[in-house]
Amino acid sequence: MTTTVPRSPAPASLRRRFLRLAAAVTTPLVPDDYLDLVAPLRAGADLRGRIVEVRPETRDAATVVIQPGRDWRGHRPGQYVRLGVDVDGVRQWRAYSVTSAPGRHHDPITITVKAIPGGLVSNHLVRHVRPGTIVQLDQAQGEFVLPATPPARVLLVTAGSGITPVMGMLRSGVLAGSDVTLVHSAPTAADVIFGAELRNLAAAGTVRLVERHTREDGQLSLADLAALVPDHRDRETWACGPVGLIDALTAHWAAAERAGRLHIERFRPTVISPGAGGTVTFGRSGVTVTADGSTPLLEVGETAGVLMPSGCRMGICYGCVLPLRQGAVRDLRNGAFTTAVPGDGVLVQTCVSAAAGPCDLDH
Amino acid sequence: MTVIQRKPVNPIAHLTAEDIAVIGKELDAIRDRVMADLGERDARYIRRLIRTQRSLELGSRAVLLFSLFPPAWIVGTAGLSVAKILENMEIGHNVLHGQWDWMRDPKIHSTTWEWDHVSPADQWKHSHNELHHRYTNVVGKDNDLGYGIMRVDEDQPWHPLHLGQPLWNLLNACFFEYGIAAYDLELGRNLKEGRHRDPEFRARARAVGRKIRRQVLKDYVLHPLLSGPSFLSTLAATFAANLVRNLWSHSVIMCGHFPEGVETFEKTSIEGESRGEWYLRQMLGSANISGSRLLHIMSGNLSHQIEHHLFPDLPSNRYREVVPEVRALFDRYGLTYTTGSLPRQVFSAWKKVIRLSLPNRRPRDRAGDRAAPALTASGA
């Protein structure tokens with residue numbers, strides 16, 4: 001009997017060797033830096049998408065059709081995608097629900113964006129972005145999804161652009177066999193995103209649609225909901241909308257001891273309003289201290305015994321930059337604020353930045 | 001007392017402390033205004049530049065595959081030289097200064113960028129951004145004054161070894177990137193002071209070794225090998241391109257602080273320095289090169305060395321725009337804005353290197369008063 005020495009699979013090691021050689025040829029760059037020039041959406045590249053089309057939906061909302069790169073793994077109805085868009089030269093990351101039904105692997109996806117007054121990215125996407133633009137993408141994520149076997153009776157409660165993840169669910173056809181009621185609020189009939197499509201679904205008997213036009217009918221209250229959908233407690237419920245609505249529903253379903261049946265998505269991220277000073281958390285060092293609005297974060301860290309990277313201490317060498325995971329800081333030289341929410345990937349110069357509210361530094 | 005004050009004409013004797021404070025405020029205002037205006041067009045500029053540079057490098061390397069054929073050698077070498085110059089000067093130097101960090105694009109960011117240079121980016125950032133830009137032209141603090149191998153100021157002590165400095169300077173120009181790597185490592189001082197066993201120094205030396213190996217493997221082994229029968233001619237072409245890049249960047253950089261007219265400062269002059277005084281030191285310690293738009297781009301806008309030293313993290317494409325205001329400020333406060341054509345400034349810097357290879361002709365009175373405060377020159 002002979003024994004054989006196990007061999008590593010040849011193709012994989014050949015490929016690895018080829019990649020190593022390619023990297024040695026392009027150093028200090030990597031082959032991707034050159035390939036990105038010609039094929040930014042290829043397999044193996046950082047995930048990106050190309051905007052194919054921007055379709056107006058209402059006067060302040062538009063659907064953006066995106067062709068994702070080859071490595072896009074698809075999405076489940078109700079999930080969102082994080083999008084990195086360059087607005088005025090600065091990369092901004094935002095999350096948007098995918099509104100298209102899951103398609104075949106290389107089908108374009110759509111997101112639908114409502115322009116928030118003063119919103120940097122939403123206004124850019126609704127009014128300024130042009131087809132052909134490359135955007136950065138993350139894989140779809142989020143737990144606001146339907147179970148494998150859809151429940152028999154379903155309630156969907158949405159307001160404004162909260163309709164977007166639910167639209168992905170409705171379009172997917174997963175709820176075809178269920179008894180579905182959708183209660184949707186928007187200021188007027190014209191403001192209902194996907195208004196025509198929703199009314200068609202209702203006419204076809206796919207959903208029972210309750211449109212609430214808040215300009216005339218006022219905000220939806222829990223009493224209204226109880227009147228409109230008497231059996232709402234018995235329905236598996238998905239709700240997406242402003243914080244107030246979601247909080248009220250959460251409390252109501254909890255009080256009815258039905259919390260497990262309510263699935264929620266908050267589509268407005270935490271709003272950060274910069275002030276002066278705040279608690280500074282050095283996440284990896286496990287240190288939290290209170291700082292005033294005029295002491296550089298570098299000094300705050302050093303005083304608290306954190307080993308801080310530092311350099312010129314006057315804002316010119318960029319040797320002290322740290323990732324701001326979340327929070328707001330103020331540039332001590334010119335008073336400019338920088339805010340970050342998780343995923344933004346903002347680096348701040350700690351020697352010239354002070355806390356402008358709670359700050360969470362990844363260090 | 002500053003070094004400049006020992007010179008026959010003190011260029012800042014006429015300024016009051018308030019003047020210096022106002023100069024600082026005005027420069028801050030210029031910076032803030034441009035910073036607030038950064039946007040789409042700047043992002044387009046750097047992206048287009050990077051795309052152009054990469055296409056040019058790729059194209060030139062492709063042409064060099066046939067470098068056995070003389071026209072291909074010439075075209076490929078010229079293209080690669082320009083690509084390497086753009087990479088080091090207008091892209092690498094400026095990205096590593098954090099000039100494009102505001103875009104939040106991790107691919108064009110000072111914390112992730114690595115350049116086509118034997119000095120690893122992080123070591124260069126420390127010695128250049130942190131030490132040189134902070135201590136600009138402070139004798140004994142700013143090693144850029146002669147890079148520790150030359151004497152470029154009357155106040156640096158003369159040593160017989162300096163007789164050879166015109167030769168060192170020429171050699172340094174030819175192999176400039178290696179000179180910079182040794183400089184960033186503080187190789188001379190670390191070896192002299194017996195720190196070669198120091199683990200921190202060894203780690204940094206190893207990093208430089210790795211970087212050199214990668215650079216050499218790419219330029220002198222892999223690309224020549226890919227050229228097959230053109231092996232030797234591609235090797236020669238790459239060597240020529242590196243030589244051109246080194247000579248060019250050395251010339252541009254010499255023009256920044258060495259020509260006649262720039263001032264140097266004494267160590268004690270920066271104790272307790274105010275922002276206005278720091279600005280003033282940058283204004284007097286730097287020199288510009290005048291020329292065309294092309295020259296500015298090829299020099300990484302270090303032709304605007306004065307503006308670069310005032311605002312090291314301002315995107316380089318904006319230096320040209322702030323020149324009129326900066327110059328007006330110099331004029332208003334009776335300060336000399338040192339500038340000249342490239343040949344003139346290169347000649348001036350070389351003249352100084354040669355002149356100072358010999359001991360000072362007139363030994364200066366070293367017993368001068370040392371009590372006066374820093375850069376606040378009035379009444380000193």
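In chain B, what share of the contacts between residues at least 6 apart in sequence join residues at least 24 apart? The views below come from a predicted model, and the share for chain B is 73%.

**View 1. The fold of chain B.** Count along chain B and you'll get 14 helices and 2 strands. Its radius of gyration is 22 Å, close to the 21 Å that the globule rule gives for 380 residues, so chain B is as compact as a globular protein of that length. If you want overall dimensions, the C-alpha trace of chain B spans about 70 × 50 × 40 Å along its principal axes.

**View 2. Charges on chain B.** Here we're looking at 49 positive and 42 negative side chains. The centres of the two sets lie 5 Å apart.

**View 3. The annotated stretch of chain B.** An unreviewed UniProt entry puts the annotation "domain: Fatty acid desaturase" on residues 73–339 of chain B.

**View 4. The annotated stretch of chain A.** Over in chain A, residues 44–147 carry the UniProt annotation "domain: FAD-binding FR-type", again from an unreviewed entry. Residues 44–147 of chain A come out at 9% helix and 43% strand. The end C-alpha atoms of this span lie 31 Å apart.

Note on methods:
Residues are numbered from 1 along each chain as its sequence is written. Chains are lettered from A and ligands numbered from 1 in the order in which they are written. This is a predicted model: local features need pLDDT of at least 70, side-chain atom pairs count only at pLDDT 80 or more; totals for chains, interfaces and linings use all residues. Side-chain values use heavy atoms; hydrogens and water are left out. Helices (H or I, at least four residues) and strands (E, at least two) are DSSP runs, numbered from the N terminus. The radius of gyration is taken over C-alpha atoms; the globule rule is 2.2 Å times the number of residues to the power 0.38. Contact means heavy atoms within 4.5 Å. Lys and Arg count as positive and Asp and Glu as negative; His and the chain ends are not counted. The place of a charge is taken as NZ of Lys, CZ of Arg, CG of Asp or CD of Glu. UniProt positions are given in the numbering used here, feature names are shortened, and annotations may be inferred rather than shown by experiment.
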